[in-house]
Amino acid sequence: MTERILVTGGTGYIGSHTIIELYKKGYEIDVLDNLFNSKESVLDKIKEITGKRPRFFKIDLLDYEKMDKLFLENQYSLVLHFAGLKAVGESVEKPLKYYENNVGGTINLLKCMKNHGVHKIIFSSSATVYGEQPVPKLDETMPTGMGITNPYGETKHIIEEILKDVAESDPKFEAVILRYFNPVGNHPSGLIGEDPNDIPNNLMPIIMKVSRGEIPELSVYGDDYPTPDGSGIRDFIHVVDLAKGHVAVIDKMKPGVLIYNLGTGRGTSVFEMIKAFEKASGKKLPYKVVERRAGDLAEMYADPAKAEKELGWKAELTVEDAMRDTICYLNKIS
Ligand code: WQD
């Protein structure tokens, strides 16, 4: 019988790209989403790309009864858990909203899984859990939870600790924690991409809004960092590579908790991202340099060696590929 996977947050940016890769492996897909920061129409685009449309259930993770009914009526072999609030700045203003949605919602999900014999989960975590480290190149042996500068990052850390404790208590429980660096780009068809309902925090969706004239100019948060060009450096990974990392880990799951950084292993500065976007778009991107953003680190990027060694996965696409695909997406939505 074909395995059925539940994808929470499957109408979102990373979830939708991951579903495309899951379909290539022949899985059946159900999507649970509350559509707070995404649109159901993404599922039609997935059908246009793959020929298949996931079954959709508009359910909020905080609605335990509805979620329990879903698990009662369906046999899931695995849950990919993307659903969660992710605006770093908003999390500082509204911490309870983030702890309730992200942590409370995940606890509901894990209780439903346990009550219905679903033992496998892949969790969408973030490099933010590393907080401030003495070196910019981050590997999975480094401590987490210290110096996290926002409630969003804290929720990711707390959920990681919950998964570890559940695995300690249940020998059948299999969890994977995937720590994303900075996802960018979109499917080369340009049919799906990062299209948040809320005001974005992240660099690329803001660049996209500037290029569409929705925001007058990009504010570069500081050019006085101890980096070659003074701007911040991050590990910008193409979302298609990120999606493939989720598929690569499925066959390696086992009782306990597996943890992998999903990044390219290369750092790219904000100014380099601006130049790469201008090259791909063929036009100047208006920006101004302003003061640093509170909580930002100068430089961070992944050590991706563990995922390559244990999963046979590594990022293959470049920032230039991501910019090319972003322009294709912008042309289609404009
Ligand atoms: C990248 C660089 C900014 C916006 C966060 C989360 C992390 C993950 C990715 C979800 C930094 C600079 C940005 C702008 C700028 N989120 N920047 N002007 O902060 O590395 O990570 O998003 O999974 O968990 O912590 O990403 O895109 O906000 O910033 O100059 O308008 O771009 O200073 O150097 P960040 P980001």
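**Group meeting: strands, ligand shell and salt bridges**

Start with Val 7, which stands opposite Val 31 in S2. Strands here are DSSP E runs of at least two residues, helices are H or I runs of at least four, and both are numbered from the N terminus. Before going on, the ground rules. This is a predicted model, where local features need pLDDT of at least 70 and side-chain atom pairs count only at pLDDT 80 or more, while totals for chains, interfaces and linings use all residues. Residues are numbered from 1 along each chain as its sequence is written, and side-chain values use heavy atoms, with hydrogens and water left out.

Back to the strands. S1 covers residues 4-8. S2 covers residues 28-33 and runs parallel to S1, with five bridges between them. Pairing takes at least two DSSP bridges between two strands. Why is S1 largely enclosed by the rest of the structure? Because four of its five residues are buried. Buried means under 20% relative accessible area, exposed means over 50%, and partly exposed is in between, with a 1.4 Å probe and protein chains only.

Next, the ligand. Its shell has 18 residues, and Ser 126, Thr 128, Asn 202, Arg 234 and Asp 296 come nearest. A residue counts as near if one of its heavy atoms lies within 4 Å. By class, the shell holds eight nonpolar, seven polar and three charged residues. Nonpolar means Ala, Val, Leu, Ile, Met, Phe, Trp, Tyr, Cys and Pro; charged means Asp, Glu, Lys and Arg; the others, including Gly, are polar. Which element gives the most to the shell? S9, with four residues. H7 and S9 each supply at least two.

Now the distances to ligand oxygens. For Thr 128, a side-chain N or O atom is 2.5 Å from a ligand oxygen. For Asn 202, a polar side-chain atom lies 2.7 Å from one. For Tyr 152, a side-chain N or O atom is 3.1 Å from one. Taken alone, the ligand exposes 690 Å², and the protein buries 92% of that. Those areas are Shrake-Rupley values with a 1.4 Å probe.

Last, salt bridges. There are 22 in the structure. The criterion is a side-chain nitrogen of Lys or Arg within 4 Å of a carboxyl oxygen of Asp or Glu. Three examples follow.

One is Glu 21 with Lys 24, closest N and O atoms 3.1 Å apart. Both sit in helix H1, residues 13-24, three residues apart, so about one helical turn separates them.

Another is Glu 194 with Lys 86, at 3.4 Å from N to O. This pair links distant parts of the chain, 108 residues apart. Glu 194 is in the loop between strand S8 (182-184) and helix H7 (203-211). Lys 86 is in the loop between strand S4 (78-81) and helix H4 (88-93). Glu 194 is buried at 10%; Lys 86 is partly exposed at 37%.

Then Lys 288 with Glu 217, closest N and O atoms 3.2 Å apart. This pair also links distant parts of the chain, 71 residues apart. Lys 288 is in strand S14, residues 287-290, and Glu 217 is in the loop between H7 and strand S9 (218-221). Lys 288 is partly exposed at 36%, and Glu 217 is partly exposed at 29%.

One network to finish: salt bridges with shared partners join Arg 4, Glu 28, Asp 30 and Arg 55.

Conventions. A polar contact is a pair of N or O atoms within 3.5 Å; within protein, one must be able to donate a hydrogen and the other to accept it, and residues adjacent in sequence count only if both atoms are side-chain atoms.
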